[in-house]
Structures are given as structure tokens and as C-alpha cells.
Amino acid sequence: MASNTKDGVIQQRNKPVGKPRGMRRDRDCRSCKLRNVKCDLNRPSCGECIAAGVPCGGYPQRVIWVGASSSAKDATSPTSAPSSTVVRTRQARSQSTVSRSSDSGHTPPDRAVDSWSPSDRPASSPGDDVPINWSEADQNSFIKPLVSLCQQIISLDGDALRSNHYLSVEALRLISRLRDFVQARIDGHPARAITSGSDMWESEDMARYRLDALMSLKDALKATNPFAFIGIAAFAFFEVCDSGFGDWQRHLYGAKSLLDYHCKSRAELDNLSRSVTGLGEMVVRLVWFDTCGSIIRGTTDLIFESWHRDLLNDSFFRTVGCAADTFQLFTKVASGEVASNPSNSAILAMEQLLKLGQGTTDWDRSADAYRCAGVIAVLTRVNNEPTTLSTPSAVSLAVDRTCQIIATTPSSSQFYIHMAVPAYLAGINASSVQQCDIVRAYWHNCNHAGVRRYPDGLARCEDRWKMKGLV
């Protein structure tokens with residue numbers, strides 16, 4: 001009898017820890033799910049996470065929005081919510097559901113969802129037509145829509161997750177940690193410069209966010225999961241913000257390799273975009289970084305191909321304040337066509353000058369600045385070639401006009417932050433103290449923007465001015 005009792009105790013101890021098979025685990029917090037432990041469902045932070053000393057990931061919710069098809073009775077009912085608010089939330093039914101809240105607690109589990117902007121609202125699946133505003137008129141353009149996209153993905157219910165075979169565990173972990181990292185940058189935890197140049201330091205929390213996102217990106221890349229492209233795009237953007245001005249190739253090479261693995265044509269990219277929402281918009285921005293970086297460096301080492309550059313449309317050019325024909329001139333410069341046909345390139349540059357001053361809006365001023373940048377890029381590369389133009393005087397004219405445009409554009413303009421390429425080319429080729437002062441003021445204004453950008457743009461210009469005796 002004692003033996004039976006002893007055996008029963010041993011069997012009892014050998015039972016698996018956690019909830020018995022068959023019991024629901026879909027309501028557990030995200031952290032407990034990832035650690036495969038039983039959650040006590042305490043809010044706002046569960047006891048298991050507090051005891052383990054880890055951030056509680058919050059709890060999954062399924063969000064249902066009032067659609068345009070709501071009945072008139074629903075719309076006029078005193079208890080019904082407006083079309084822009086949440087009707088009801090309930091727990092998701094699938095183990096695969098990932099919480100909208102982050103590990104860091106930036107988005108509390110019980111946050112009022114109706115405070116989200118329209119672009120933040122979660123979609124029922126990655127392919128649904130819930131618009132992401134990729135051209136927000138603020139200094140955080142591209143990053144805020146990226147956070148909205150991550151929020152959409154991690155808010156999906158079980159059915160939507162199962163319908164997309166690319167949304168693996170690795171992909172969901174990446175999206176969640178990426179959202180934490182990017183949101184931390186937006187919430188005011190950017191790297192801060194403590195010395196001149198590009199020497200940077202990060203807070204301990206910020207470093208943890210970055211490391212977690214990078215480790216998750218590594219796992220997604222090992223699986224060649226196309227959702228890794230979202231992580232690459234985010235890190236590429238911050239490379240533009242934080243690294244040497246124009247030296248943005250590192251993440252662009254990774255993005256190109258991953259893209260080549262999944263799609264080698266526009267049709268294949270369009271097909272993949274049905275599963276990876278926002279893929280096309282992210283490719284467009286990386287192509288823009290690729291071309292502008294080559295212009296800044298004065299090289300002909302474009303990473304992306306011509307069909308990738310064909311993705312840039314009028315909507316994108318309206319966002320960054322550059323005319324389509326100017327970008328085409330940039331492409332000719334960056335691909336080496338200027339060196340092969342300098343006379344024709346110089347004529348194209350003069351055509352840009354003839355189009356200056358055709359409008360008075362902020363976009364027109366930004367477009368004029370880019371036209372001048374195109375002229376500077378062309379003429380500085382044909383400087384040693386025989387042309388019908390007096391190159392030094394033409395470059396000086398373009399620099400002077402660029403500085404005039406920058407000086408008259410308010411720093412509050414949505415296009416101001418995008419005028420870095422014209423400002424840099426004007427600064428490097430400046431010939432007067434007044435031009436230097438205008439470019440210097442531009443860089444200072446950029447460093448006070450919502451997302452810190454271009455840490456060494458001014459430093460490189462200052463070095464050139466010292467060589468010329470302008471400072």
C-alpha cells in the first residue's frame with residue numbers, strides 16, 4: 001500500500017508543468033507563450049513575468065471596427081460607437097495570436113484602441129486594404145507608418161495568421177520586437193552624440209531593443225522569410241539617420257539579396273506584396289537611399305536594378321519633394337552614363353536649370369533644390385571633360401540657387417528634412433562664407449527634428465570648408 005502511494009507521488013511529480021493538454025492557452029500573455037509557461041492572466045502584468053523579472057507582453061485582443069455597411073439603426077443608437085471607434089474587443093481564439101502590446105510596455109494591454117490614428121488600425125489580414133499612410137507630413141515619415149504596419153500584423157487573429165504561411169514564429173517575433181525598437185526611437189530614446197563625428201552611445205534600454213530586434217532579424221533571415229525585409233528596411237532607415245552620410249550600403253545589400261531570393265521581376269514582387277503588406281513601399285524607399293547614397297559618395301555602384309527604380313511613382317516623388325525627371329538624371333549620374341557621354345549630360349543639367357522657378361509652393365521649392373543638386377552632380381563629374389559650358393561658373397550658380405532655396409524654406413515644411421542631398425552637394429561645393437552659413441543652419445535644423453538624422457553631414461562640409469579657407 002505504501003509502495004503504491006510512493007509510486008503515485010512519483011507519477012504526480014513527473015507530470016508536465018503548465019496547463020494540461022486541451023486547456024486554452026490563447027489568453028496567456030505573449031511572454032508566457034514564448035517561454036512556454038502557465039500564465040496567471042493577471043493584469044496589467046502577470047505574476048509569472050514579474051517573478052521571472054521579464055517584461056509582460058500583454059494579452060491578445062481581437063479588434064472589430066464599425067464598417068461603412070453598418071445599419072442606420074446602429075449608427076443612430078445611443079450605445080453604438082462612431083465609425084472611427086471600436087465596437088467591441090474580445091480575446092482571440094488562436095494560440096498563434098500575438099499581443100498588440102510590446103515587451104517594453106510602450107502600449108499597455110488595456111490601451112484605449114480608439115485613440116489610434118486611422119493608419120494605426122489593425123487589419124484582419126496582411127493583404128486587406130486598410131491604408132497605411134506612407135507619406136505622413138512629418139519628420140518621422142516612413143517610420144510611423146512602419147510602426148502602424150507592425151501593429152496591424154501582431155494584432156491578427158488565428159485565422160488570418162494561418163492563411164499566410166510566411167507569418168511563422170520567427171516572423172511574428174521579429175515584427176513584435178521590431179515594433180518595440182522603432183517605437184522606442186519615436187518615443188524619445190534616440191542615440192545621442194557625445195563627441196564630434198559619428199561616435200554614438202545608446203541607453204541600456206535602447207541597446208536592448210536594438211539587440212533583440214537584430215537577433216530576431218537574424219532568425220528570420222536564416223529562414224529566408226520575406227517578412228525579414230521589414231526589419232532590413234527599418235535598420236536601413238536608421239542607418240541613414242545615424243551612420244556616415246551617404247554610406248548606407250550595408251543593409252541595402254542585404255535587402256537586395258533577400259529580394260532576389262523571392263522575386264526577380266515586377267510581377268513576382270507584386271505577387272509577394274499580397275502576402276507581405278507594404279513590401280513595395282519599402283523597396284521604393286531603399287531604392288531611393290541607394291541612388292541618393294551614390295550621388296553623395298560620387299560613385300557609380302548602384303545596388304538595385306532598373307526595374308526596381310521603375311517602382312518610384314508620382315506619389316513617392318510628391319512625398320520627398322523631388323521631380324521624376326530629376327531622379328532620372330540622378331540615375332544617369334549614379335550609373336556612370338555621365339562619364340560615357342559628358343556633353344549630353346551637361347545639356348540635361350542645363351534643362352534642369354531652365355525648369356527652375358515654375359511654382360511657389362513648398363514642394364516646388366524642394367523640387368528646385370533637387371534640380372540644382374542634379375546640376376551640381378552632373379557638372380562636378382564632367383569637370384575634367386571638354387564641354388561647351390563653363391563648368392565652374394555653372395556649378396557656382398547652382399550652389400548659390402540651392403542655398404537661396406534652403407534659406408527661404410521654413411524648417412517646419414514637410415519637405416525640409418528631405419532636402420539633405422541638395423544641402424550636402426551645395427555645402428561641399430560652397431564658395432562663400434554666406435553659403436556655408438546657410439548650409440550649416442540646415443544641418444542644425446535637421447538635428448533638432450523628431451528623428452535625429454545625418455550626424456556627420458555638417459562635419460564633412462566643415463572639413464571641406466577648412467580646406468578652402470572658408471572657416
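Modeller: The protein chain has a mean pLDDT of 75, and 69% of its residues reach 70 or more. pLDDT is the predictor's confidence in each residue, from 0 to 100. This is a predicted model: local features need pLDDT of at least 70, side-chain atom pairs count only at pLDDT 80 or more, and totals for chains, interfaces and linings use all residues. Residues are numbered from 1 along each chain as its sequence is written, and side-chain values use heavy atoms, with hydrogens and water left out.

Biologist: Over which residues is the pLDDT below 50?

Modeller: Where pLDDT is low, the predicted coordinates should not be read in detail. Here the pLDDT is below 50 over residues 61-129. Beyond near neighbours in sequence, that stretch has 143 contacts in the model (contact: heavy atoms within 4.5 Å). Residues 386-390 are also below 50, with five such contacts.

Biologist: How do I read two packed helices?

Modeller: Two packed helices are described by the angle between their axes and the distance between the axes. Axes are lines fitted to C-alpha atoms, for helices over the stretch in contact, and angles run from 0 to 180 degrees between N-to-C directions. Helices are DSSP runs (H or I, at least four residues), numbered from the N terminus. Take helix 17 (residues 342-354) and helix 18 (residues 362-381): their axes come within 8 Å and cross at roughly 160°. That makes helix 17 roughly antiparallel to helix 18 (angles over 145 degrees; under 35 is roughly parallel, 65 to 115 roughly perpendicular, the rest oblique).

Biologist: Which residues of helix 17 and helix 18 meet?

Modeller: Ser345, Ala346, Ala349, Gln352 and Leu353 in helix 17 meet Arg371, Val375, Val378 and Leu379 in helix 18.

Biologist: At what angle do helix 15 and helix 18 cross?

Modeller: The axes of helix 15 (residues 324-334) and helix 18 cross at roughly 20° and come within 9 Å. Helix 15 and helix 18 are therefore roughly parallel. Helix 15 brings Asp325, Thr326, Leu329, Phe330 and Val333 to the contact.

Key:
Helices (H or I, at least four residues) and strands (E, at least two) are DSSP runs, numbered from the N terminus.
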